[in-house]
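Subject: The structure you asked about

Hi,

Here is the structure, ready for you to open next to your notes.

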Amino acid sequence: MPFTPFHFGITLLLFAVLPFLDPLSLFVGAVIPDIEGITIVFIFPYSGLPLHGPFHSFLGAIVLGVITGGTSYLFLKHSGLRNILDETLSMSFTLKKSIASALLGTFSHIILDAPLYRDMSPFWPLTGNLFLNVVSPFTPYLICVISFITGLAILLIRFRHSEQFINRLNFTNSVSRLNWRFVTSFFLIMFVVIGGAAVSLFFLFQENENFSGTLLINKQPQFEVGQKFFYRTNNISVGFSEYYYAEDIFTVNGTREINGPEYYEVIRNYSFHFIEDHVIYGITDDVSNLVENFYYNVENGTCIGKTVNPGSYSNEDSYATDVAFFAPWMLGLEENLKWEMNDEDSYRSYKSKVLGREKVSSISCFKVKMQVFYKGNLREVRNYWIDCERRIMIEEEVLGRFGVDHYKYLVET
Ligand SMILES: [Zn+2]
C-alpha cells in the first residue's frame, strides 16, 4: 500500500507509448486494487485478513478491470469528455478500449506487487505466491521511477512537436462544454455509495460483546521437571526483507519454595536467527542471550513474574500473556467462556473468548481470541490454540493493524 502512488509511473509510460489508450481507465485501473488494503486497514483492522487478498490476483484484476473500464467509459461518454478528447486530441474511445486499458492497469498492478508481498496469491483461489522475491524488493520501485521519468519525457516531447494539439486545445472552452450536471451527480453517487458501504461495514463489524464471564481454574499445571517446550516463529519481516525467525525454549528446571508456596522454575531461552544475506542492519550473528526465569505456582499456575535474579521479580504483566507457552488463564478455559483481565501495573487489559475447539496437528485445542488493550486502546489481537489436556500453547497468531504480524508454534516437547 505505501507503494500505491508508484503504480502511476508504469501507466504514464504505457500511455506515452500507447497514446490511443483510455488514460482514465488505465490510471484508475493501476491503483484500484489497493482499495482492498485500505478497506482492511480502516474498516477491519486486526482482523488478520490479508491486505493483498483476492483483488490482488489475476482473477481479481479481471473483475476490477471490467468494472473500472465500464465505469470509465460511461463517465467519458456522459460527461462529454469523450467528444472533447476526440475533437482536440483525435482520441476515440470505445467500451472495449476502455476495458482493455483498465485491464492493462490492473494487471500491471498485480505484476508489480507480486514479488513484494507474502500475503498475495496471484493465482487466487489457489493460494501461495510463486513470484515472491523473484526480484529484489527494490526492483519494482526502480521500474516505477524509471517508467515515470521516461513516460513523462516522451509525453513532453510529443506535446512539444504537436502545435496542432496546443492550438486546438482550448481549456476554457472544453471546461464549459463538460456536462457538469452529470459530473457532479457521478461523484456524488460514488461518494454516497462508497462512503455508505464503508460506514455500514464499520458498524456491522463492531463488537459489542459482554466479557463478564468468570475464569475458574479447572486444571492444574502439568509440568515435569526436565521437560522442554520448544517453539519457533515464522520468518519475521523488517521493511521488505524477511529478516529473522525466533526460537523460544522453555525448560522446567525444578521446583522451589518462595515465601511458602511451591513454584515451578521455568527457564526461557529466546534466540533470534538471522536469515542468510539480509545483513542490511549490520548484524550477522545469531543472538541468543535472552534468558529469563519464570515461577509458576504448582497448584494454580499463578505467575509471580519473570526475573534473572530469583531475589527480585519484575511483575510487569501478572498474566504473563506475552510468554505464550503457558499462562495461568489457560487453566480456566471452557467452551463459550468470555472474560476480561486487567493488569493495572502494565496499563494493559485483555478481553478474551473461547471460540471453540480445533485440532492442531491432531492435538485437540481450545481456540482463544484475545484482544490486547494498552491504556484502553486496542493494540493487537492474538489467537491462541491451547492444548485442552496439557493447557500449554500449541500455536499463537498475533494480528496487528496491518494483518498477521507473526505466529509461533510448538515444534516439540
Ligand atoms: Zn497493491
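**What I found**

Among contacts in the protein chain between residues at least 6 apart in sequence, 60% join residues at least 24 apart. Please keep in mind that this is a predicted model. The protein chain has ten helices and twelve strands, and 28% of its 413 residues count as buried.

**The helices**

Let me start with α1 (7–17). Eight of its eleven residues are buried, so α1 is largely enclosed by the rest of the structure. The buried ones are H7, G9, I10, T11, L12, L13, L14 and F15, and they pack against α2 (23–31), α6 and α7.

Helix α7 covers residues 139–160, which makes 22 residues. From its first C-alpha to its last it reaches 31 Å, close to the 32 Å expected at 1.5 Å a residue. Its buried residues are P140, C144, S147 and G151. Seen down the axis of α7, these fall within an arc of 65 degrees, so they line one face of the helix. The general rule behind that is handy: an α-helix has 3.6 residues a turn, so residues three or four places apart point the same way. What does the buried side of α7 pack against? The partners are α1 and α6 (95–113). On the face turned away from the buried side you will find the exposed residues V145, A153, L156, I157 and R160.

Between α6 and α7 there is a loop that holds P125. The peptide bond leading from W124 into P125 is cis, with omega near 10 degrees.

**The cores**

The largest nonpolar core has 32 residues, and those with the most contacts inside it are Y296, F325, I386 and M393. The elements giving two or more residues to this core are β1 (228–233), β3 (241–257), β4 (262–274), β5 (287–297), β9, β10 (377–387) and β11 (393–400). Its largest share, five residues, comes from β9.

**Two hairpins in a row**

Strands β7 (residues 338–343) and β8 (residues 348–360) pair in the antiparallel sense over six bridges. They form a hairpin with four residues between them, and Y347 in that turn has a positive phi of about 60 degrees. Next, β8 runs antiparallel to β9 (residues 363–374), joined to it by twelve bridges. β8 and β9 also form a hairpin, with two residues between them.

**Positive phi in loops**

In the turn between β8 and β9, S361 has a positive phi of about 35 degrees. S362 is in the loop between β8 and β9 as well, and its phi is near 60 degrees, a positive value in a residue other than glycine. R391, in the loop between β10 and β11, is another non-glycine residue with a positive phi, near 55 degrees.

Are S362 and R391 buried or exposed? S362 has 5 other C-beta atoms within 10 Å, so S362 is exposed. R391 has 23 other C-beta atoms within 10 Å, so R391 is buried.

**One more residue: T251**

T251 lies in strand β3. With 16 other C-beta atoms within 10 Å, T251 is partly exposed. Leaving aside neighbours within four places in sequence, T251 is in contact with K228, V266 and I267. T251 and E265 are 14 residues apart in sequence, and their C-alpha atoms are 8.4 Å apart in space.

Cheers

Technical notes. Residues are numbered from 1 along each chain as its sequence is written. This is a predicted model: local features need pLDDT of at least 70, side-chain atom pairs count only at pLDDT 80 or more; totals for chains, interfaces and linings use all residues. Two strands pair if DSSP finds at least two bridges between them. A nonpolar core is a set of buried Ala, Val, Leu, Ile, Met, Phe, Trp, Tyr and Cys residues joined through C-beta atoms within 7 Å. A residue is buried if 20 or more other C-beta atoms lie within 10 Å of its own, exposed if 12 or fewer, and partly exposed in between; C-beta atoms are placed from the backbone. Two residues are in contact if their C-beta atoms, placed from the backbone, lie within 7 Å. The expected span of a helix is 1.5 Å times one less than its number of residues. The arc is that of the directions from the helix axis to the C-beta atoms.
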